[in-house]
Amino acid sequence: MRKPLTIHRQRAPGRHGSRFRTAHEQYDKQGLKTDSAAMLNRIGDCHYEQGDYQRALDVANKCLEDFTALDDKAWIAPTQWDLGKIHLKRKNFDLASSMFQAAATTYGDVREHANAAYMFRWQGDCYRDGKDDTKAVEAYSEAVRRFMQLKHERGLSTSASRLAKALYRLEEYQEAVKYFRQAQTSYENNQQHVSAAFMVSW
């Protein structure tokens, strides 16, 4: 019962919460610890989608504790990512950044290198929302560097775009132009022509 190690995870609408809860209880009774924790994780997804971030936080912390005890890094990584997202929603930017950093390391340990790169983009969002564009540039730059190495056009396009906008806010216009062009090229390579056109407008 493994959560897909992908950045584009399925949403878990609230109406499925009772099903996940029932499954969690059944797996727990059977002593299937990983499956039980996995269902608990899905319950946390439901709370997150419903905007109940305190409950989502409580569940994610319990899941991280359980998966850490099981030494299951394939589940630890997305749980750390979940915690980062929750802290970001709650505007706890330092905590969010530290969780995304931890998730990047754990994703690297399980060789999910694209997901590791995405964690730096999320970290950049923390700094952006916390009004620290200098640190945002550092995080987005790391994401861009990794996505370029991976030849991952989708991740590169969004990361380069956010990097360019952060540079623009810092009035580093020449560097901003460079990354707007990079984002434009990547969007075009990914057949996202409308997004590519928006990069030109900047």
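Reader: Hi! Before we look at cysteines, what counts as a disulfide here?
Author: Hi! A disulfide is a pair of cysteine sulfur atoms within 2.5 Å. A search of the whole structure with that rule finds 0 disulfides.

Reader: Okay, and what sort of model is this?
Author: This is a predicted model, in which local features need pLDDT of at least 70 and side-chain atom pairs count only at pLDDT 80 or more, while totals for chains, interfaces and linings use all residues. Residues are numbered from 1 along each chain as its sequence is written, and side-chain values use heavy atoms, with hydrogens and water left out.

Reader: Back to cysteines. Which cysteine sulfur is nearest to that of cysteine 46?
Author: That of cysteine 63, and it is 12 Å away. Cysteine 46 is in no disulfide.

Reader: Is cysteine 46 buried or exposed?
Author: Cysteine 46 is buried, at a relative accessible area of 3%. Buried means under 20% relative accessible area, exposed means over 50%, and partly exposed is in between (1.4 Å probe, protein chains only). Cysteine 126 is buried too, with a value of 0%.

Reader: How many residues of H2 are buried?
Author: 14 of the 17 are buried, so H2 is largely enclosed by the rest of the structure. Just after H2 comes glycine 51, with a positive phi of about 80 degrees.

Reader: Which residues other than glycine have a positive phi?
Author: Lysine 91 is one of them, with phi near 65 degrees, and arginine 111 is another, at about 60 degrees. Most residues other than glycine have a negative phi, and most peptide bonds are trans.

Reader: Where are those two?
Author: Lysine 91 is in the loop between H4 and H5, and arginine 111 is in the loop between H5 and H6. Lysine 91 is exposed at 60% relative accessibility, and arginine 111 is exposed at 69%.

Reader: Now the inside. What is in the largest nonpolar core?
Author: That core has 36 residues, and Trp81, Phe100, Tyr107, Met119 and Leu163 touch the most other members. A nonpolar core is a set of buried Ala, Val, Leu, Ile, Met, Phe, Trp, Tyr and Cys residues joined through side-chain atoms within 4.5 Å.

Reader: Which helix gives the most to it?
Author: H6 does, with 8 residues. Apart from this core lies another, of 22 residues, including Phe20, Leu40, Ile43 and Met99.

Reader: And on the surface, which residues form a nonpolar patch?
Author: Tyr168, Tyr173 and Trp202 do, with about 340 Å² of accessible area together. Patches are made of residues with over 30% relative accessible area and no salt bridge; like charges are joined within 9 Å, and nonpolar side chains (Val, Leu, Ile, Met, Phe, Trp, Tyr) within 5 Å. The areas come from the Shrake-Rupley method with a 1.4 Å probe, and for residues only the protein chains shown count as cover. Tryptophan 202 sits in the segment after H10 and is partly exposed, at 45%.

Reader: You said salt bridge. How many are there?
Author: The structure holds 10. A salt bridge is a side-chain nitrogen of Lys or Arg within 4 Å of a carboxyl oxygen of Asp or Glu. In one of them, lysine 62 meets aspartate 66 at 2.8 Å, N to O. They are 4 residues apart in helix H3 (residues 53-70), so about one helical turn separates them.

Reader: Why does that spacing matter?
Author: An α-helix has 3.6 residues a turn, so residues three or four places apart point the same way.

Reader: Which residues are linked in a network?
Author: Asp125, Arg128, Asp129 and Arg162 are linked in a network of salt bridges. Within it, arginine 128 and aspartate 125 meet at 3.4 Å, N to O, and both lie in helix H6, 3 residues apart. Aspartate 125 is buried at 5%, whereas arginine 128 is partly exposed at 30%.
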